[in-house]
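Open your viewer and get ready to click along. We will go from one selection to the next and look at what is there.

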Amino acid sequence: MRDNLIDPGFFSGDNSWGGAASDRAQNEAIRDLNAELSSARRRLNSELKHIRGTLEQRIDRISASFDAFVELSDVRERLSLFTPYARVRYRVLALLDGADRDLPEPARADEPDYWLAPCARGLRALLDGDTAGAQRHFFDGAELDPLRAGVFALLASAVKAPESAPALAEWILPGVLPELPGEQAAYQRAVLLLAVEGRLGEAATGRALAVCAERLRADGGAEAAAEQVFLGADRDLKAPAPPKGVEPEGALGEVLAAARRLAAIRARLEEAGGAPAPSPPSEGEDESGSDPAVPAELAEADRVLRLLVAEGGRPEAELLRRAAQLRAVVESGGSAGSETPVASWKDIVGSASEEVRGICSEAGPSPARSAFTRRLLAAELRAAAEACARQALAPLPDRAVVRHQGGRVDIGPQGADPEDLAAGERRAAEAYQGAGGSRALPITIACGGAIFAVGALLSGEMSLWAFAVGGFLVGGLLHLSENKKRDEARSSAEAEGARFRAKVEESASAWRDHLARAEETRSRAAGDIDAVRRLLASG
């Protein structure tokens, strides 16, 4: 880009040397300023574009938030028609939070035709320890909506009155969980987990066993579930490796892996026991559940319970759902979409078969889950354990091969094979053959000295005696040196043979120790399979 600056020539402007240099310096400064201005202009344009885009996004979000707020105001106005429904929900949530124990009961004439109204009285009765009264109220709610009232009764009793849950589940659970569908809803998963953990009583656990077994049979997943139990039991187990350099002649690793796997599944099954009793109230918390804190194992049940309550009655349910969507838009400052799905107690949470397999193969399961797995998959676990036992009780290979420095030696229970060991020693010593000194060179030099001596005798030339004596001396010294090299090579060959023997004997000793430990592991497999049979037969 031209800057329209004229550099001073020899015959223009101040033609002195100082004047020309000053003009050039000014032009360079002006060019630098132009470059800085251009860079600042580009940076400013980029920032303006970013600010313009950010402002547009903010305006869009503010607009979306404002539109949602306006619509939310309209929805709330329409919801005001259903104030009696809201009062019931408020009271139930307060009871769940332990904050409404002293409020008077509302007059029944003022209650809407809403399944949650009698269930609220049932919850109050549960908190007061009146299980029979709670059953009557829940029955009234079931006449209005059997499913919702049943789910509420099961979840609320498990969370707030665990001592009353088994009695309620005995007549409610068959209607709430008649079967386990292929894709289960959130409430079905929550109820199933409560039954598996034994929090709804033995009858509910039996019901859970029946529906889970039916689902696994329908999907053909019982064998896969049993395999997952085995994989979960031995996920951190590794069969001991044979000694370094030793190659067993047989499937020793597979036998040991099967034995360890069998021991792991026995340990997992022995963890099974009765379902833990509900934890007693902690200090500062009364038995009625006035402390709103919920144990971690009941968090999912509490979440689904509150979603069920928040759903509202049939006349207002759609308005409540829309209000929740609009509230999310407002609270997010317009970034959330106005059609974002709202969490529901009926949301599909995944495959029922996968859930059952996950329960059975969970790492570190509770005693109740271990007992449930043992009862659910007794036949499949026994078949898999028997197959594992057959592999674990197979004869151990007692022979192996040691490879060292290119040699191969067979070893057995009595040690290394003598012929292979001797051949290996010879092979190790052969590496030093020819490494000793040469015999020919000293003899050749000595012969040369003799020739010079004969020449000196025949010719009488005294100078030849010097060569003769030198030849004899050099030959003798070389002979001594070569003998020393031969002795060193012989010693090295013997040492290498000894090292080969020591290495093989060390490997043979390690192999015998490894076999002894393997035999101990294998011998325990018979007791393990007997224990597994007994545990699975006990149900």
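Two residues are in contact here when heavy atoms of theirs lie within 4.5 Å. Keep that in mind for our opening stop, and remember throughout that this is a predicted model.

**Stop 1: Glu386**

Select Glu386, which you will find in helix α15, residues 378–392. Which residues does Glu386 touch, leaving aside those up to four places away in sequence? They are Ile529 and Arg533. Glu386 counts as buried because its relative accessibility is 18%, and the cut-off for buried is under 20%.

**Stop 2: the whole chain**

Now zoom out and show the protein chain as a cartoon. There are 18 helices and six strands to find. Of the 539 residues in the chain, 38% are buried. The chain exposes about 29500 Å², with carbon and sulfur atoms supplying 55% of that area. If you take the contacts between residues at least 6 apart in sequence, 75% of them join residues at least 24 apart.

**Stop 3: colour by confidence**

Colour the chain by pLDDT, the predictor's confidence in each residue on a scale from 0 to 100. The average over the chain is 77, and 72% of the residues score at least 70. Where is confidence lowest among the helices and where is it highest? It is lowest in helix α16, residues 418–430, with a mean of 64, and highest in α5, at 94. Next select residues 273–292, where the pLDDT is below 50. Beyond near neighbours in sequence, this stretch has 25 contacts in the model. Where pLDDT is low, the predicted coordinates should not be read in detail.

**Stop 4: helix α2**

Select residues 83–96, which form helix α2. Show the side chains and pick out the buried residues of α2, including Tyr85, Val88, Val92 and Leu96. Two arginines, Arg89 and Arg91, are also on the buried list. What covers the buried residues of α2? The cover includes α3 (116–127), α5 (146–160), α11 (299–311) and α12 (317–331). Following α2 you come to Gly98, which has a positive phi, near 75°.

**Stop 5: helix α10**

Move on to residues 252–270, helix α10. This helix has 19 residues and reaches 27 Å from its first C-alpha to its last, close to the 27 Å expected. Among its buried residues are Leu252, Val255, Leu256, Ala258 and Ala259. Further along α10, Arg261, Ile265, Arg268 and Leu269 are buried too.

**Stop 6: salt bridges**

Side chains of opposite charge can pair when their charged atoms come close. How many salt bridges does the count come to? It comes to 22, and we will visit a few.

- Select Arg124 and Asp128: the closest N and O atoms of this salt bridge are 3.5 Å apart. Arg124 is buried, at 15% relative accessibility, whereas Asp128 is partly exposed, at 48%.
- Select Arg189 and Glu300, a salt bridge with its closest N and O atoms 4.0 Å apart. Arg189 lies in helix α7 (residues 186–196) and Glu300 in helix α11, so the pair ties together parts 111 residues apart in sequence. Arg189 is partly exposed, with a relative accessible area of 24%, and Glu300 counts as partly exposed at 24%.
- Select Arg322 and Glu339, whose closest N and O atoms are 3.3 Å apart in their salt bridge. This pair links distant parts of the chain, 17 residues apart: Arg322 in helix α12 and Glu339 in the loop between α12 and β3 (348–351). Arg322 is buried, at 14% relative accessible area, but Glu339 is exposed, at 56%.
- Select Asp145, Arg148, Glu311 and Arg314 together: salt bridges that share partners join these residues into one network.

**Stop 7**

Phe69 sits in helix α1, residues 17–79. Is Phe69 buried or partly exposed? Phe69 counts as partly exposed because its relative accessibility is 44%.

Definitions and conventions
Residues numbered from 1 in each chain as written. Predicted model: local features only at pLDDT ≥ 70, side-chain atom pairs only at ≥ 80, totals over all residues. Heavy atoms only, no water. Helix = DSSP H or I, 4+ residues; strand = E, 2+ residues; numbered from the N terminus. Buried < 20%, exposed > 50% of the residue type's maximum accessible area, 1.4 Å probe, protein only. Areas by Shrake-Rupley, 256 points an atom, 1.4 Å probe, with all protein chains shown as cover. Expected span 1.5 Å × (residues − 1). Salt bridge = Lys/Arg side-chain N within 4 Å of Asp/Glu carboxyl O.
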